[in-house]
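Biologist: I would like to learn how to read a few features of a model, one at a time. Could you give me the general idea each time and then the case at hand?

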Amino acid sequence: MSGESNELFRKIYKSPLQDGEVRQIASALSQQDNKNLAEKAARLLHRFSVLIEVNKTVAQSMSLDHLLPRLIEVIKDVLQSDRATLFLHDNETDELFSRLVQGGNVSEIRIPQDAGIAGCVFTNGETLLISDAYSEPRFNREVDERTNYRTRNILCAPLTNKDGRIIGVTQLLNKASGDFSDTDAQLLEAMTSQVSAALEHAQLFEKLESARKDEATLLEVTSAISSNLDLDELLSKIMAATTKLLSAERSTLFIYDAEKDELWSRVAEGVNRREIRIPSNRGIAGEAFSTCKTLNITDAHSDARFNPEVDRETGFNTRNILCLPMIDRQGAPIAVMQVLNKIGGPFTARDEKRLRTFSAQAAVALENASLFQDMRRLKNYNEAVLKSLSNGIVTLDKDFKIAKVNEAATRNIGLTEENLVGRNVVEVFFEHNKWVAESLDFVSKTGGTDYHADTDYLRADGEIIAVNVTVASLADIDGTPMGFMLEIEDITSEKRFRTTMARYLAKEVMDKVLNSADQPFIASAQEATMLFSDIRGFTNMTENLGPGETVDMLNNYFSEMVEVVLRHKGLLDKYIGDAIMAVFGAPLSDPQDANNAVKVAIEMLQALRKLNKSRNRDGLEAIDIGIGISTGEVVAGNVGSEKRMDYTVIGDHVNLAARLESANKYFGTSILVSETTASQLASHEVLREIDVLRVKGKSKPILVYEPLAYYPERQQEKLLKALPVFEQAMKLYQQREWIEAGGCFKEFIDHCPNDMVSKLYIDRCAYYAQKPPEKNWDGVWALKNN
């Protein structure tokens, strides 16, 4: 085709033609030119359709989360590239950013505005066509190596607005066939020019919306904390608000203790509630505090100031950190806010600004709360003294109106503090305990003291208790009468003791203990069966539940489980968080101790299934537990000091039961018993051998069994029916017949598809078939983390 015709075709792409120009083109065309014109006209129509599609996409949403991924898909499809990215410029952080859709979620990537090829195009405003990416020095191969990708060619063009200002960059990788062309570049520039205004508007809209949300969040949080004077609650609210405000995973607030020159915290999200203390100049928080500088760390583990031990202890992975000092009215640092793991990328300059604004408001609230706490501390000291007294204390003013009662007094009288304070003594005592009112009248007239020993007192709930009561007058430091005081001592000791013991022992065991005086409590070696149970995933449950709901859940759970323990003559030794430790055979032994322990384990799981049905109806998460049981010699008796002693048991089998409880997680079981327990069980108890283990803390291996009676009826029938296959598989495994054993375990899986033990052995057999153990292999499996 002639040069003149080519020039006319270029005009077609740039602007509409007049009728005369169209006729001129038609008269100058040969047959080949007509064919070329048809091809170019088709491409022109394709360009128009692309621009229409782009305009439709822009018209559908003002959200960058929707616009960017959708435009990227359109550009990628039209220009037949393998990958595409549309970067916008963030003038607050001097970064280029884009949004990607991964697994239904939108994530953000950010790079410096002058980094790499995209940064070069953004900086100089020139489109780049790169036919060989690896020969381009500005190309970063590390991304390809990290993602196992091969970039061949690149088209990268600036995105300009109507004023000619560059607002972003579009980058395409790997043309489907061949290299990117000038025509591709022209089409890309045409497409992006159509959407630049909409992208600018969407970016502005997002910033305005974000600022509005920030302002609303700050207003909401500031209002909440400004009136809160409870320090712990305030700290929790500040941290929850910080995490939410910055879209992070965790936050910690460290307060400065000037007396010890330490930073301390009782509020660290995602960590068990315990106080943390560090020197005020140590680590990242210490440096932020001592230098009064904001620290924005994009890679925590590469920073020498970061202590990775906390991550190892908690299982948390700290990626990035924003740490900022809180300054008081005098300009001195009083605390440090530390925020972990910005969701979607590192913390930005905008995050620093938001946190700085919020911390100024939080610092005022923190100062107010600290002052209030100091004022309240003295009052709490006096309250604590009253509360710690085991005897009931009632104080009255000169008009015989009750001014103050402690908890022991409310228990003794049988009325709440609200039902006592402010009432006249006659209203409370005259009807059923007239002698108390008469004693007060006597003291008011004589100014002395009146004492009543071993006297029956009728509580408000109708219960009669034995008490010693002292009535005395009160005077100020000048000797001026100011009221009266009642001291009520509950001496119903045997009843109290029986009530307390009944919480831990079955009735018949308690009767034997009481009849044996102190003998059962003297520490001695004896055989007993230990039972440990623990809730699976308890930490995650507590994170989803509030403190109140967690306590309610534990109370309901413990009530069901302890009832089972006591029903079979067990001793509830202690609660360990969400765990239960029960003893069978101490302080007094029974021939059925091992059987009783296994019965308890089975019935605990049966009771748990019923409890979980109720929780399911209420929309609550199901509870899952593991149980370990071992029998052997333990030391049982009183342990402690002269002032405080606890009855407990210690020894290897206590630890072994705990290890077996934890081993359930490895085998996918719910109950595991040691061979010493299994040897004492009744013959009708069906067990299956699970493994020969060497657990942490014991050099001698132990044989471990699983009772099958705890499974639901249908599942239990399948297990029993297929049990001979499992036993044959175990025999072959112990004979080192790996292929045959693996086949038998697979056959067992056909009967019981959910059996995790068989799946575990299938993996072991496959491993040993490839890497057989040494000739002296004894079949023992070491649980390294147990």
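Biologist: Is K698 buried, partly exposed or exposed?

Modeller: The classes rest on relative accessible area (buried under 20%, exposed over 50%, partly exposed in between, with a 1.4 Å probe and protein chains only), and K698, with a value of 25%, is therefore partly exposed. This is a predicted model, in which local features need pLDDT of at least 70 and side-chain atom pairs count only at pLDDT 80 or more, whereas totals for chains, interfaces and linings use all residues. Residues are numbered from 1 along each chain as its sequence is written, and side-chain values use heavy atoms, with hydrogens and water left out.

Biologist: Where does K698 lie, and which residues does K698 touch, not counting residues up to four places away in sequence?

Modeller: K698 lies in the loop between β24 (687-694) and β25 (702-707), where strands are DSSP runs of E with at least two residues and helices are runs of H or I with at least four, numbered from the N terminus. With contact taken as heavy atoms within 4.5 Å, and leaving aside residues up to four places away in sequence, K698 touches D652 and L656.

Biologist: Why does Q171 count as buried?

Modeller: Q171 counts as buried because its relative accessibility is 15%. Q171 belongs to strand β6 (residues 166-175), and, beyond residues up to four places away in sequence, Q171 touches R83, A84, T85, I117, A118, I154, L155 and C156.

Biologist: How should I read a sheet, and in what order do the 6 strands of the open sheet stand?

Modeller: Strands of a sheet pair through backbone hydrogen bonds, either parallel or antiparallel. Here the order is β9-β8-β7-β12-β11-β10, with antiparallel pairing, and two strands count as paired if DSSP finds at least two bridges between them. Because β9 (276-279) and β10 (295-297) each have a single partner strand, they stand at the edges, and one side of each is left without a neighbour in the sheet. Ignoring direction, neighbouring strands are turned by 20° against each other on average. Helix α9 (residues 283-291) packs on this sheet, touching β7 (248-257), β8, β9, β10, β11 (321-327) and β12 (333-342), and its direction makes about 135° with that of β12.

Biologist: How many bridges join β7 and β12, and how many join β7 and β8?

Modeller: β7 pairs with β12 over 7 bridges, with A248 opposite K342 in β12, and with β8 over 3 bridges, where D257 has E262 as its bridge partner. The hairpin of β7 and β8 has 4 residues between the strands, and D261 takes a positive phi near 55° there. Of the 10 residues of β7, 8 are buried.

Biologist: At what angle do helices α18 and α19 pack?

Modeller: Axes are lines fitted to C-alpha atoms, for helices over the stretch in contact, and angles run from 0 to 180 degrees between N-to-C directions. Helix α18 (residues 547-567) and helix α19 (residues 593-617) pack at about 150°, with their axes 9 Å apart, and are therefore roughly antiparallel, the classes being roughly parallel under 35 degrees, roughly antiparallel over 145, roughly perpendicular from 65 to 115, and oblique for the rest.
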